[in-house]
Amino acid sequence: MDRLASFGNDPFDKPPCRGCSSYLAEPYIKCAECGPSPFLLCLQCFTRGFEYKKHQSDHRYEIMTSDFPVLEPGWTAQEEMALLEAVMDCGFGNWQDVAYQMRTKSKEECESHYMKNYINNPLFSSTLLSLRQAEESRTADSAIPFKPTDDPPRPTFDSVLSRDMAGYMPARADFMEEFDNYAEWDLKDIDFVDDDSDILHALKVSVVDIYHSRLKERQRRKKIIRDHGLINLRKFQILERCYPKEVQELYDVMRRFARVAGPIEHDKFIESHARAKVYERVKRVREDERRKRTMLCDVLQYIQDGRACQQWLSKQAAIDAGITPVVTTITMSGRRSAPPLNLTGLPGTEKLDEREKELCQVVRLVPGAYLEYKQALLNECRRQGGLRLAQARALIKIDVNKTRKIYDFLIKEGYINKA
């Protein structure tokens, strides 16, 4: 676990806590495995084991704090940054005001430390300033780029194209009117003075916090526009029309959820729903084809038994007419055993061994159907680690006596085993 410094003592300079969205106060936690954007948590969310998307509570982490010496003992990294900022605000040589802004060091200590480490020491000259500037340039909010074309259009004010682009000005990479455009009005007359009462001071701080939250909402909306390419609305609509009609309708319904997901994740979400509908349609076609194959197998089984064939045709006619088929039974006294099925010329016969051919002849099952039922039982047996007769009967929808003979045969020959 590394102990690193945060070179900013202003909570507004850092992203908020990913768990509770509060401003981060040192020390706080940075995930060492999530990136490239930093995943930061306050201590309260870290102790609760907060998890979000790819971040897990058992990831390696770093404690971010500036409460340790950098250049010499007695001066923490946070105080070093406060000194540099005070010199920038008050000016070099104005050590009285620098010390007043520092509050933790006297003017003699500020002058001596600054001259020793930042003026007369070439090794550390401007080191922290360079780091501070690099951090600010890395985390600064960039202007929204115009990506659809290299030479963006520059529509006249209040034209149709300008309204379609929400007043976006490509040359300035900004909008004519910001979201919550008058948010600064509530802040413009606030002035913090020393003689403010505690209640008045807290009220002013609350107003500033509210203003900051409105700025965050403004940046969030800009980020959505930038990430989803919504500046050029016409081109966005043309891209949507490339999808089938059902996908376009789904886009219209689900567009409101784009704000909570990235552009790639949102597109994947839409396309997965569209493909689910295609899957259901193909599944129905596949089931219809399977029923047709089962019907053909039944016909081939009964083709040599005139009485059974007539009974099967009557049942199918009743089903097609929408009435319940009447199942006729033959008494045991007048029942004759059906002759063995002739397998000559039937597809799949060459794939059977002698014992399987004998089974198909006895149970009057065509080789193609037997091979399909056999493979289904073998797959289910491997998946379950064994197979019961009830499972076999639920798997292949044929006469239960035939299923029993096939099941017993596969058990005897060692193809499957009982559960």
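The structure is a predicted model, where local features need pLDDT of at least 70, side-chain atom pairs count only at pLDDT 80 or more, and totals for chains, interfaces and linings use all residues. Residues are numbered from 1 along each chain as its sequence is written, and side-chain values use heavy atoms, leaving out hydrogens and water.

**Helices α13 and α15**

- Helix α13 covers residues 367-384 and helix α15 covers residues 400-413; they pack at an angle of about 60°, with axes 11 Å apart.
- Helices here are DSSP runs (H or I, at least four residues), numbered from the N terminus.
- Each axis is a line fitted to C-alpha atoms over the stretch in contact, and angles run from 0 to 180 degrees between N-to-C directions.
- That makes α13 and α15 oblique to each other; oblique is what's left once you take out angles under 35 degrees (roughly parallel), over 145 (roughly antiparallel) and 65 to 115 (roughly perpendicular).
- Their crossing is right-handed, meaning the near helix is turned clockwise from the far one by less than a right angle.
- On the α13 side, Tyr 370, Tyr 373, Lys 374 and Leu 377 meet Ile 406, Phe 409 and Leu 410 of α15 (contact means heavy atoms within 4.5 Å).
- Sort the residues of this contact and you get six nonpolar, no polar and one charged; Asp, Glu, Lys and Arg count as charged, Ala, Val, Leu, Ile, Met, Phe, Trp, Tyr, Cys and Pro as nonpolar, and the others, Gly among them, as polar.

**Helices α2 and α3**

- Helix α2 (residues 77-90) packs against helix α3 (residues 95-102) at about 135°, and their axes are 9 Å apart.
- This pair is oblique too, and α2 passes α3 in a right-handed crossing.
- The residues that meet include Leu 83 and Val 87 in α2, and Trp 95 and Val 98 in α3.
- This contact divides into eight nonpolar residues, one polar and four charged.

**Asp 97**

- You'll find Asp 97 in helix α3, where its 38% relative accessibility counts as partly exposed (buried is under 20%, exposed over 50%, partly exposed in between, using a 1.4 Å probe and protein chains only).
- Asp 97 and Val 87 are ten residues apart in sequence and 8.9 Å apart in space, C-alpha to C-alpha.

**Cysteines**

- A search of the whole structure turns up zero disulfides (pairs of cysteine sulfur atoms within 2.5 Å).
- For Cys 45, the nearest cysteine sulfur belongs to Cys 42, 3.6 Å away.
- Cys 45 is buried at 1% relative accessible area, and Cys 360 is buried at 0%.

Technical notes
Helices (H or I, at least four residues) and strands (E, at least two) are DSSP runs, numbered from the N terminus.
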